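Work through the exercises below with the structure open beside you. Try each task before you read its solution.

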Amino acid sequence: KNTVIIDVRTPGEIQQGYIKGTSKFIDISDPQFEQKINALDKSKNYIMVCRSGARSGRAAQIMAGKGFKKVYNLSGGVLNWSGGLTK
């Protein structure tokens, strides 16, 4: 309940499938990305996801710089995810 999965890919990429349980979709290329991140609860745990892990890693760094303490990057992104994807 205290962990939130955030997919930072584009809407087109998300249509190809996303990890089950993902509750937030915040495109890192959205000009309002940082504003949307700022609205999140800093006390929660966040798992950041993208295609390969690069964009989600950048997003995790941005969040850490904004005071989020428990932010994790899914290494290898959805390409490395073996749990299947939901559409």
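**Exercise 1: The sheet**

Three bridges join β3 to β4, and these two strands run parallel. The model is a predicted one.

Task: Find the order of the strands in the open sheet, and say which strands stand at the edges.

Solution. 
- Start with the pair β3 and β4. Here Ile47 has Tyr72 of β4 as its bridge partner.
- Move on to β1. Five bridges join β1 to β3 (residues 45-49), again in parallel. Thr3 stands opposite Asn45 in β3.
- Then take β1 with β2. They pair in the parallel sense over three bridges. The bridge partner of Ile5 in β2 is Thr22.
- The open sheet of four strands reads β2-β1-β3-β4.
- Now look at the ends. β2 and β4 each have a single partner strand, so one side of each has no neighbour in the sheet.

**Exercise 2: A strand inside**

Task: Is strand β1 largely enclosed or left open by the rest of the structure?

Solution. 
- Recall the cut-off: a residue is buried when its relative accessible area is under 20%.
- Apply this to β1 (residues 3-7). Four of its five residues are buried, so the rest of the structure largely encloses β1.
- Check one residue. Asp7 has 0% relative accessibility, so Asp7 counts as buried.

**Exercise 3: Helix α3**

Task: Which residues of α3 are buried, and how are they placed around the axis?

Solution. 
- Begin with the length. α3 has 12 residues and reaches 17 Å from its first C-alpha to its last. That is close to the 16 Å expected at 1.5 Å a residue.
- List the buried residues of α3: Ser56, Gly57, Ala59, Ala60 and Met63.
- Look down the axis. These residues cover an arc of only 160°, so they are on the same side of α3.
- Turn to the face away from the buried side. It carries the exposed residues Ala54, Gln61 and Gly65.
- Ask what the buried residues of α3 pack against. The answer is α2 (33-38), β3 and β4 (71-73).
- Step past the helix. Just after α3, Gly67 takes a positive phi of about 100°.

**Exercise 4: A loop residue**

Task: Is Gln16 buried or exposed?

Solution. 
- Locate Gln16. It is in the loop between α1 (11-15) and β2 (22-25).
- Read the accessibility. At 57%, Gln16 counts as exposed, because the cut-off is over 50%.
- Compare positions. Gln16 and Leu85 are 69 residues apart along the chain, and their C-alpha atoms are separated by 8.6 Å.

Key. Residues numbered from 1 in each chain as written. Predicted model: local features only at pLDDT ≥ 70, side-chain atom pairs only at ≥ 80, totals over all residues. Heavy atoms only, no water. Buried < 20%, exposed > 50% of the residue type's maximum accessible area, 1.4 Å probe, protein only. Pairing = 2+ DSSP bridges. Expected span 1.5 Å × (residues − 1). Arc of directions from axis to C-beta. Contact = heavy atoms within 4.5 Å.
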